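Open the model in your viewer and get the selection panel ready.

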Amino acid sequence: MTIVADVLVDTLSSIGVKRIYGIVGDSLNGITNSLRAKKNIEWIHTRHEEVAAFAAGAEAHLTGNLAVCAGSCGPGNLHLINGLYDCHRNRVPVLAIAAHIPSSEIGTGYFQETDPKALFKGCSHFCEVVNSPDQMPRILAMAAQAALSQRGVAVIVISGDIALQEATITQIPQSIRQSKPVIVPNEAELKKIADILNQSQKVTVLCGSGCAGAHAELLALCGALKSPVVHALRAKEYVEYDNPYDVGMTGFIGFSSGYYAMEACDTLLLLGTSFPYRQFYPTHAKIIQIDIRGEQLGRRCDLEYGVVGDVKATISALLPLITQKSDDAHLKQAHEHYQKARKSLDDLAFGTKAPIHPQHLARVISETATADAIFTCDVGTPTVWAARYLKMNGKRRLIGSFNHGSMANALAQGIGAQASHPDRQVVTMCGDGGFAMLMGDFITLTQQKLPVKVVVFNNGTLGFVEMEMKASGFLNTGTDLINPNFAKMAEAMGVLGIRVEDPNELEGALKKAFAHKGPVLVDVVTNRMELIMPPKLQMQEVKGFNLYLLKAIIDGRGTDIVDLAKTNLWR
C-alpha cells in the first residue's frame, strides 16, 4: 500500500531534494519511516529544530535549490520559526513540513495543539493545511512552486494520521520547476537612466545581493562611469573580489571610505539592494534604483528614478547608452580614502601581545582557509570581523543572518553548508554567546560526520550588545559570559579541541585545525574591549560614550576606562 507520506517523499526526491533537516516525533512517523524505507532522501538529525531551519537556509543559499526542514506537532515545528524567518528574509527557497496533531482533534485544545497557519504567516509566502489524502500532492506542489518562484519559505501542515493514510493520488506532480525569467526595463526607462548618469559628474554605485552573477557587467559599467563601488554586506561575496572600483562597505559595520564615496557623489546608483540604514544615504544626491522587486523601489529613500529589472541583464542593456567618462577625479579620491581606511583596519589585524585582537584572528582565518572555503559568521562582532577581514575571490562563499540578525546562526548554517557540500571546507566564525545559545547541535557534527571547523571568538561578553549600551550612555548590564574551556568540552564530545590564548600560537593552531579531516573547535580568547565604530559617528554616540565614561567612573569601573582608552575608538 502506498501511503500519503510515500508520495510526499517521492515528490520531493523527484524535484531534487537530497536531505531533510529536523527532529523526529510521533506526528512525523509516516514521513521518517518512508525516508528510512526508500533511502532516496537523507534525514539530517539535528538537536534543535531552529538549527534545522537555519541549516536548510544555508543549503538553499549555496545551491539556489529547494531545501527542506521538518518539525513535529506543536513545540517541534514552533522551534522552526526563527530559522524560517531568517530564510524568508534572505529570500532562499525553503520548504518546511509542519506536522500537526491528529486531524480529528484540531480545534479542541488537544495536547501540543497550536495554530500553524497563524504562526507561520509572517515568515512564509505560502502556508496551507493538508486536510485529506487526495489534497496532499497538489498542496505540496503549490508549496514547492511558491518557495522556488517567490524565493522564500513555504509551509505545508499535515497531521500525522493523514500522512499514514492510503494515498488516493500516487502520480508525482511534474509541473514543479524553478523558472528564471530575464526582466529588463523598457527602452524609455533605460534611456532615462542613461541620461541621468551621462549628465552626472560624480556617480557612486551601491551594490546588494541582487548583483550576484553580474560581476563582469558591473565592472564594465563602473569603468565607463568612472564610479567607485560601495557594497552592502550581502554583496561582499559577489562584488568585492577582483574589483578595482570597490571602496568597501558602509553602514554600522562598514568603514569610512564607503560612507564618504556615497556622500561625495552627485548621483547614487542602487543595484539590487534594499540597504536599510537610511541615515547612511547621501543627503544631496540624485538616487536611481534598479531592483528585480518593484516593491523595493523608493522604500529606503526618495528616488530620482526607479525601474524593475535583473541587475545583470539591465546593465548589459544600459551599457550601449552610456557615454564613456574621462574625468576620474571622484573615483581617485574615493579610492585614496579607501586605501587609508583599509590600512587603518589592516594595522589592527597584527599583534604579538595577548589578548588576541579579533581582527588578527579573522585575518589569519582568511589566510589559512582554502580558496573555495564556505564561511558562516554569527551575528554581532564575528559578522564585523568577517565583513572587514575575510578575502573573497569569486569561489568563497559567506553566509550569515544579515537581514534577520539572529544570534546562534553560524554553527547551524555550517551544518547545512557542510551537509550539502561535503567536499568543501566550511569554517564557522562563532561568538561565544551565539555558540553557547545552540551549543547542543555541536554534537551533530560528530553524529552526522560533518568536518566543520568551528572557531569561537571567546571574549567573555555579548560584545556588540555591550558596545551598543555604551554608545547609548548605559552601563553594560547582563552582557558578561562565564564560559567553560570550549576546547575541553569539544574533546569530551570526541571532537578535536584547541585552545589559543597566545597570539604567537594562533597561526599554527588554525593550520592544524583546518588540516584535520574531522570536525574541530578552536577556542580563541580574544580582546573584550575591541570596539566597532560606524563610518559615520553620530553626535548622540559621542555623547553616549562620554555619558558611559562618567557613569563608569561613578560606578568604580576604572579598569574599563583604561581598557577603553586603548581601543580603536580613540585611534
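Select helix α15 (residues 358–368) and helix α22 (residues 506–515): they pack at an angle of about 40°, with their axes 10 Å apart. Axes here are lines fitted to C-alpha atoms over the stretch in contact, and angles run from 0 to 180 degrees between N-to-C directions. Helices are DSSP runs of H or I, at least four residues, numbered from the N terminus.

This is a predicted model, where local features need pLDDT of at least 70, side-chain atom pairs count only at pLDDT 80 or more, and totals for chains, interfaces and linings use all residues. Residues are numbered from 1 along each chain as its sequence is written, and side-chain values use heavy atoms, with hydrogens and water left out.

The angle makes α15 oblique to α22 (under 35 degrees is roughly parallel, over 145 roughly antiparallel, 65 to 115 roughly perpendicular, the rest oblique). The crossing is right-handed (the near helix is turned clockwise from the far one by less than a right angle).

Now show side chains. On α15, pick H360, L361, V364, I365 and T368; they meet L506, E507, L510, K511 and F514 of α22. Contact means heavy atoms within 4.5 Å. By class, this contact has 6 nonpolar, 2 polar and 2 charged residues (Ala, Val, Leu, Ile, Met, Phe, Trp, Tyr, Cys and Pro are nonpolar; Asp, Glu, Lys and Arg charged; the others, Gly among them, polar).

Next, select α1 (residues 4–14) and α7 (residues 136–150). Their axes come within 10 Å and cross at roughly 30°, so α1 and α7 are roughly parallel. This crossing is right-handed. V4, V7, L8, T11 and L12 of α1 touch M136, P137 and L140 of α7. That contact has 7 nonpolar residues, 1 polar and no charged.

Note on methods
Helices (H or I, at least four residues) and strands (E, at least two) are DSSP runs, numbered from the N terminus.
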